[in-house]
Amino acid sequence: MATVIFSNSGDTDTAVLRYIWTGIPNVKVVEINKDTLNAQELVDQAIEQEHDTLICCGHGSDKGLFDPAGTCYSFVINRQNYKKI
């Protein structure tokens, strides 16, 4: 099993990622976009439930994976949850 945490900022760079993972058996996609209300909770749950492969994609920086619903300083993969990975 694998889980993909997909931070979709709505731009063409990240929108294409949705189609890469769709339909692959045994892959769970957790898509976070600007309308996701409980993004941090969904991401933390996905991290805790995955025991095999975790893939994180989207825009980020050396501080983590950006939360598309937050400011440029909000992250869904961050200092609080990266050690769980």
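The legends below describe an overall view and several close-up views of one predicted model. Residues are numbered from 1 along each chain as its sequence is written, and the model is predicted, so that local features need pLDDT of at least 70, side-chain atom pairs count only at pLDDT 80 or more, and totals for chains, interfaces and linings use all residues. Side-chain values use heavy atoms, with hydrogens and water left out.

**Figure 1. Overall fold of the chain.** Three helices and six strands form the secondary structure, in the sequence order β-α-α-β-α-β-β-β-β. Helices (H or I, at least four residues) and strands (E, at least two) are DSSP runs, numbered from the N terminus. With a radius of gyration of 12 Å, close to the 12 Å given by the globule rule for 85 residues, the chain is as compact as a globular protein of that length; the radius is taken over C-alpha atoms, and the rule is 2.2 Å times the number of residues to the power 0.38. Along the principal axes, the C-alpha atoms fill a box of roughly 35 × 30 × 25 Å. Residues 24 or more positions apart supply 64% of the contacts with a separation of 6 or more, where contact means heavy atoms within 4.5 Å.

Figure 2. Of the 85 residues, 33% count as buried. Buried means under 20% relative accessible area, exposed over 50%, and partly exposed in between (1.4 Å probe, protein chains only). There are 7 positive and 11 negative side chains, and the centres of the two sets lie 6 Å apart. Lys and Arg count as positive and Asp and Glu as negative, while His and the chain ends are not counted; each charge is placed at NZ of Lys, CZ of Arg, CG of Asp or CD of Glu.

**Figure 3. The largest nonpolar core.** This core holds 10 residues: I5, V30, I32, A39, V43, A46, I47, L65, V76 and I77. At least two residues come from each of β2 (27–32), α3 (39–49) and β6 (75–77), and α3 gives the most, with four. Apart from this core lies another, of five residues, among them F6, L17, W21 and C57. A nonpolar core is a set of buried Ala, Val, Leu, Ile, Met, Phe, Trp, Tyr and Cys residues joined through side-chain atoms within 4.5 Å.

**Figure 4. Surroundings of I5, V30 and A46.** V30, in strand β2, is buried at 10% relative accessibility. On the same exclusion of sequence neighbours, V30 touches T3, V4, I5, F6, L42 and A46. A46 belongs to helix α3 and is buried, with a relative accessible area of 2%. Its contacts beyond four places in sequence are T3, I5 and V30.

**Figure 5. Two loop residues, D11 and N26.** D11 sits in the loop between β1 (2–7) and α1 (12–15) and is partly exposed, at 27% relative accessible area. N26 lies in the loop between α2 (17–21) and β2. N26 is exposed, with a relative accessible area of 55%, and its phi is near 65°, a positive value in a residue other than glycine.
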